[in-house]
Amino acid sequence: MKQHKKGLFLWLAAVALLLAGALLAGSHGHGETVQEAMRDAVLHNLNQIPFLGGKAVNPGLVSAMTVTAVLLVLAALARILVIPRFRMIPGRLQLLLEELVGLFDRMAQANSPHRHGFLGVYLFGAGAYVFVGTLFELLGLQAVTAQGHSVTLPAPLSDVNAAIALGVLSYLVILSGGIAGNRLRGVGRTLKEFSLPISMSFRLFGALLSGLLVTELVYYFNQLSFVVPVVVGVLFTLLHALIQSYVLTMLTALFYGEVSEPPHRKANEKKLPASGD
């Protein structure tokens, strides 16, 4: 117990010395103002990365393709190496996978009991992409810009284009549920929610961008660049990963169930209270 207290005391003393040194050293040598750093975090018009054929693209596109490739590889490995070895008495990995799949499947069944097969699959894929994509920025992977500078690859959904793409895709999935369940009537129900893809897109973009901007602002100043960015970055990233995964999948499941619900089901539900009386 004494050794633990001594180690903790030494660690806190080292942190205090580093922080005091940073405060005394001040902030020097920045090549851009904080306004420019935060503007580029939104627009990505300065620190672009050469990609296929040397074309300069937003760092978010590189992050999105990296996250997609990682998820596809993990899915292939799980299908080839893990799933064939499933047993009646599950191990830890099998239990984890079954719980994850069951979580989104239960969400789909609860919100769309009449049609939930494809919905559960999409919720799992979208939730995994948002969660892993948000945690991706914690890796701190570096890339070289067209100007020769080094930048950290951000979360894919901190780019407004990626957030809009995922919001529109979720809306199209909801539309497909309306068409499959109610044909033209389902299309009408979905089109009434014309603001849904906009709200989904900017909810994702705004939430993830807020964490990115706070972290960028903290990193910008030398006085705050010790210890504080670790706490701020990890907390913001974990909270956003969990909250945004849940919000996107729940909204998609809720609206999917609403537009795909058969009309006779609603009629029967309305008659139940009257028959009970």
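Begin by selecting Gln 244, which, once its neighbours within four places in sequence are left aside, is in contact with Val 130, Arg 203, Leu 204 and Ala 207; contact here means heavy atoms within 4.5 Å. This is a predicted model, in which local features need pLDDT of at least 70 and side-chain atom pairs count only at pLDDT 80 or more, while totals for chains, interfaces and linings use all residues. Residues are numbered from 1 along each chain as its sequence is written, and side-chain values use heavy atoms, with hydrogens and water left out.

**The whole chain**

Zoom out, and the chain shows nine helices and four strands, taken as DSSP runs numbered from the N terminus (helices are H or I, at least four residues; strands are E, at least two). Followed along the sequence, these elements give the pattern α-α-β-β-α-α-α-β-β-α-α-α-α. Of the 277 residues, 35% count as buried, where buried means under 20% relative accessible area, exposed means over 50% and partly exposed lies in between, with a 1.4 Å probe and protein chains only. The accessible surface comes to about 16,700 Å², and 70% of it belongs to carbon and sulfur atoms; such areas come from the Shrake-Rupley method with a 1.4 Å probe, and for residues only the protein chains shown count as cover. Among contacts between residues at least 6 apart in sequence, 70% join residues at least 24 apart.

Return to Gln 244, which lies in helix H8, residues 228-260, and which counts as buried because its relative accessible area is 7%. Select Ala 241 next, also in helix H8; its relative accessibility is 0%, so this residue too is buried. Apart from neighbours within four places in sequence, Ala 241 is in contact with Phe 131, Thr 134 and Leu 135. If you then pick Ala 128, you will find its C-alpha 9.6 Å from that of Ala 241, although 113 residues separate the two in sequence.

**Helix H5**

Now select residues 117-135, which form helix H5: its 19 residues reach 28 Å from the first C-alpha to the last, close to the 27 Å expected at 1.5 Å a residue, the expected span being 1.5 Å times one less than the number of residues. The buried residues here include Leu 119, Tyr 122, Leu 123, Ala 126, Tyr 129 and Val 130. An α-helix has 3.6 residues a turn, so residues three or four places apart point the same way.

Step back to Ser 112, found in the loop between helix H4 (92-111) and H5. Ser 112 is buried, because its relative accessible area is 0%, and beyond its neighbours within four places in sequence it is in contact with Leu 119, Tyr 256, Gly 257 and Ser 260.

In helix H4 the buried residues are Gln 94, Gly 102, Phe 104, Met 107, Ala 108 and Asn 111. Display the side chains of Arg 106 and Glu 99, which meet in a salt bridge at 3.1 Å, N to O; a salt bridge is a side-chain nitrogen of Lys or Arg within 4 Å of a carboxyl oxygen of Asp or Glu. By this rule the count comes to one salt bridge. Arg 106 counts as partly exposed because its relative accessibility is 45%, and Glu 99, at 44%, is likewise partly exposed.

Select Ala 162, in helix H6, residues 160-192; its C-alpha lies 7.8 Å from that of Ala 64, 98 residues away along the chain. H6 has 33 residues, but its end C-alpha atoms are only 24 Å apart, short of the 48 Å that a straight helix would reach. Look at Asn 182, on which a kink of about 145° is centred, the bend being the angle between axes fitted to the seven residues ending there and the seven starting there. Arg 183, also in helix H6, has a positive phi of about 55° although it is not a glycine, and it counts as exposed because its relative accessible area is 55%.

**A nonpolar patch**

Finish with Val 70, Val 73, Leu 74, Leu 77, Ile 80 and Leu 81, which make a nonpolar surface patch of about 540 Å². Patches are made of residues with over 30% relative accessible area and no salt bridge, like charges being joined within 9 Å and nonpolar side chains (Val, Leu, Ile, Met, Phe, Trp, Tyr) within 5 Å. Val 73 is placed in helix H3, residues 59-82, and its relative accessibility of 47% is why it counts as partly exposed.
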